[in-house]
Amino acid sequence: MEDEKYMARALALARKGFTSPNPMVGAVLVRNGAIIGEGHHVAAGLPHAEINALEGVDAEGSTLYVTLEPCSHHGRTPPCTDAIIESGIVKVVCAMEDPNPKVRGIELLREAGIEVEVGLLEWEAMRLNEIYIKHMTTGLPFVLLKTAMSLDGKISTFSGDSKWITSKPSRSYSRQLRARYDSILVGVNTVIRDDPSLKAENGKDPLRIVLDSGLRSPPHSKVFDDGNVIVVTSRGSDPSRRRGLEARGIDVIECGEGRPDMGELMKVLGSRGITSVFIEGGSEVNGSAVSSGMVDKFLFFIAPKIIGGRGAPGPIGGGGIEVVTDSLQLEISSIEKIADDIVVEAYPSKRL
């Protein structure tokens, strides 16, 4: 139980970091039942969690609890294994192995005579770094689909009005969550209808991605304010409109025929080092994402409101399925309440 307590503390520390494309990592040093040092990885390029935990500490004879296998290779920073071996630490408890094939931390520590245990709170550690694991093992970004709806499953009224279905605290939470993702994706209809800025709250603004097969995005939309945006169109779109966007420094990429192909897009984004995509689209974009099989996680904000109406859209559009047995089965991982709204987090069953 003491071991779990220290690892839980390390996991809590890890969550403080904004580390993309690196994993979030926390570390706790313990000797004689007392914490003598702790730290977390704050951001890519800065010292790793283990180094921060060792800062100014005599670690001789201590145990290190760390949420991920210590790195053993030179990257932006030196290997953590060297510092651990030199510190006098006698035991290292890792929550999980690093999926990066370059990392041999566990092997090197054992070769140096340090006792290493692996697997304590492993599931929690894997959930913490689900983005890092997905990108490292597949080369594709981790995809979260977030949507807000009324209790009767509507994302807007029949006229298209959607401001505001959920509460202000829910919207604030969603903007804070954006800072955890490399990019945020919407469709052109959202840009035209709502003119969102798609900025984060209390964190780094994500890259904005607009699906726009016909290049209809108004040139003075808020998403184009700072150039941190990609417009995704289909092959054969209007070349003059494309040149107009590119003349303003906007990156335009082509994926798919007729409408952007979500699977092809994710491969392109992954190859560009984008580790995660936060989808905040409308019904059709959401439907395209779901049908592509690219969604790794769902976040449903459900407000205690009834909108009704045959013309009011639901959160997932597209052609749909013919029989219920063909539906995408989800596993609910958490249900929380923010103000009066219910927030449901779920994963496709095959991803758990």
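Cysteine 71 is buried (under 20% relative accessible area, with exposed meaning over 50%, partly exposed in between, using a 1.4 Å probe and protein chains only), its relative accessible area being 9%. The model is predicted, so local features need pLDDT of at least 70 and side-chain atom pairs count only at pLDDT 80 or more, while totals for chains, interfaces and linings use all residues. Residues are numbered from 1 along each chain as its sequence is written, and side-chain values use heavy atoms, with hydrogens and water left out.

**Cysteines**
- A search of the whole structure finds zero disulfides, a disulfide being a pair of cysteine sulfur atoms within 2.5 Å.
- The closest cysteine sulfur to that of cysteine 71 belongs to cysteine 80 and lies 3.7 Å away, which is too far for a bond.
- Cysteine 94 is also buried, at 0% relative accessible area, and its sulfur is 11 Å from the closest cysteine sulfur, in cysteine 80, again too far for a bond.

**Strand E3**
- From strand E3 (residues 63–66), Thr63 and Tyr65 point one way and Leu64 and Val66 the other, and all are buried; strands are DSSP runs of at least two residues, numbered from the N terminus.
- E3 runs antiparallel to strand E1 (residues 26–31), joined by four bridges, and parallel to strand E4 (residues 91–94), also through four bridges, where pairing requires that DSSP finds at least two bridges.
- Threonine 63 is the bridge partner of valine 30 and stands opposite lysine 91 in E4.

**Strand E13**
- Isoleucine 332 lies in strand E13 (residues 330–338) and is exposed, with a relative accessible area of 56%.
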